[in-house]
Amino acid sequence: MDDYASRQRKPTKHLMGLGLVVVLHLLLFWAISSGLARAFVKKIQGPVEAVLLEDAKPDIPPPPPPPPPKNLPPPPPAYVPPVDVPVTNTAPAANAIAAVSATPQPVASPAPPASPVVKAESVRTAAVVNSANCEKPEYPSASRRMEEEGTVSLRFLVGADGKVVQAEVEKSSGYKRLDEAARAGLSRCAFKPATVDGKPEQGWATMKYTWRLE
């Protein structure tokens, strides 16, 4: 009794519950009238597909191979009748002699040996050196004052024109000034050049020059 009396004293809660029920009924009616509920039902149902399953065929093993044939005896060989072959006597006569003629083959005579080629030796002549064909070199003044004397040996190359191309001191006189003066004096000489088969060519020659105070 107390609970019922307390609810009767609070009519606001009762009215709110009644209003909520009315609102829910209105929303349900609107959904049915607008087709929303029908679309929702169709979406839930969806298309139904039928799948046919074939019956699984049992695996049939392949048939066994045929048994090998039994060993049969080979057939007998075919009969071939013999053939008569006539035999002729082809033996030569007992007194027959075969004549053989032997033709001698010509024997080639050996070729004579080739004569060796003899190369003629070249005729060479040496350069002719004559001091008379040279101008007397001037005595160095310093060597004259110091009374230097001596003999110098020169080695020089005579060109094809007879002039001295190159000269060097082979043995010194003991004084460098006298050696250089003698070597320089060869440039004023003219000699007969060396020859090969009569043609002039360069050749080396030697000469001694003695320096002596008079």
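## Salt bridges and the basis of the model

The structure holds six salt bridges, a salt bridge being a side-chain nitrogen of Lys or Arg within 4 Å of a carboxyl oxygen of Asp or Glu. The model is predicted, so local features need pLDDT of at least 70 and side-chain atom pairs count only at pLDDT 80 or more, whereas totals for chains, interfaces and linings use all residues. Residues are numbered from 1 along each chain as its sequence is written, and side-chain values use heavy atoms, with hydrogens and water left out.

One of the salt bridges joins the side chains of glutamate 201 and arginine 124, at 3.0 Å from N to O. This pair links distant parts of the chain, with glutamate 201 in strand β5 (residues 199-201) and arginine 124 in strand β1, 77 residues apart. Helices (H or I, at least four residues) and strands (E, at least two) are DSSP runs, numbered from the N terminus. Glutamate 201 is partly exposed at a relative accessible area of 30%, while arginine 124 is exposed at 60%. Here buried means under 20% relative accessible area, exposed over 50%, and partly exposed in between, with a 1.4 Å probe and protein chains only.

## Overall composition

The chain comprises five helices and six strands, which follow the order α-α-α-β-α-β-β-α-β-β-β from the N terminus. Of its 214 residues, 17% count as buried. The chain exposes about 19700 Å², of which carbon and sulfur atoms supply 61%; accessible areas come from the Shrake-Rupley method with a 1.4 Å probe, and for residues only the protein chains shown count as cover.

Contact means heavy atoms within 4.5 Å. Among contacts between residues at least 6 apart in sequence, 73% join residues at least 24 apart.

A search of the whole structure finds one disulfide, defined as a pair of cysteine sulfur atoms within 2.5 Å. It is formed by cysteine 134 and cysteine 189, whose sulfur atoms are 2.0 Å apart. Cysteine 134 lies in the loop between β1 (124-125) and α4 (141-145), and cysteine 189 in the loop between α5 (176-185) and β4 (194-196), so the pair ties together parts that are 55 residues apart in sequence. The torsion about the S-S bond is about 130 degrees, and the disulfide is therefore right-handed. Both partners count as buried: cysteine 134 has 19% relative accessibility and cysteine 189 has 6%.

Glutamate 135 pairs with arginine 188, the closest N and O atoms being 3.8 Å apart. Because glutamate 135 lies in the loop between β1 and α4 and arginine 188 in the loop between α5 and β4, the pair ties together parts that are 53 residues apart in sequence. Arginine 188 is partly exposed, at 40% relative accessibility.

## The β2-β3 hairpin

Strand β2 (residues 150-158) and strand β3 (residues 164-171) pair in the antiparallel sense over six bridges; two strands pair if DSSP finds at least two bridges between them. The two strands form a hairpin with five residues between them, and glycine 162 in the turn has a positive phi of about 90 degrees. Leucine 157 stands opposite glutamine 166 in β3.

Arginine 155 lies in β2 and glutamate 168 in β3, so the pair ties together parts that are 13 residues apart in sequence. The C-alpha atoms of these two residues are separated by 5.4 Å. Arginine 155 is partly exposed at 28%, as is glutamate 168 at 34%. Not counting residues up to four places away in sequence, glutamate 168 touches Ser153, Leu154, Arg155 and Arg183.

Serine 153 is found in β2 and is buried, with a relative accessible area of 10%. Beyond its neighbours within four places in sequence, serine 153 is in contact with residues including Val169, Met207 and Lys208.

## Glutamate 148

Glutamate 148 is found in the loop between α4 and β2 and is buried, with a relative accessible area of 5%. Its side chain makes a polar contact of 2.7 Å with that of serine 143 and another of 2.6 Å with that of arginine 177. A polar contact is a pair of N or O atoms within 3.5 Å; within protein, one must be able to donate a hydrogen and the other to accept it, and residues adjacent in sequence count only if both atoms are side-chain atoms. Leaving aside neighbours within four places in sequence, the residues in contact with glutamate 148 include Tyr139, Tyr175, Leu178 and Leu213.
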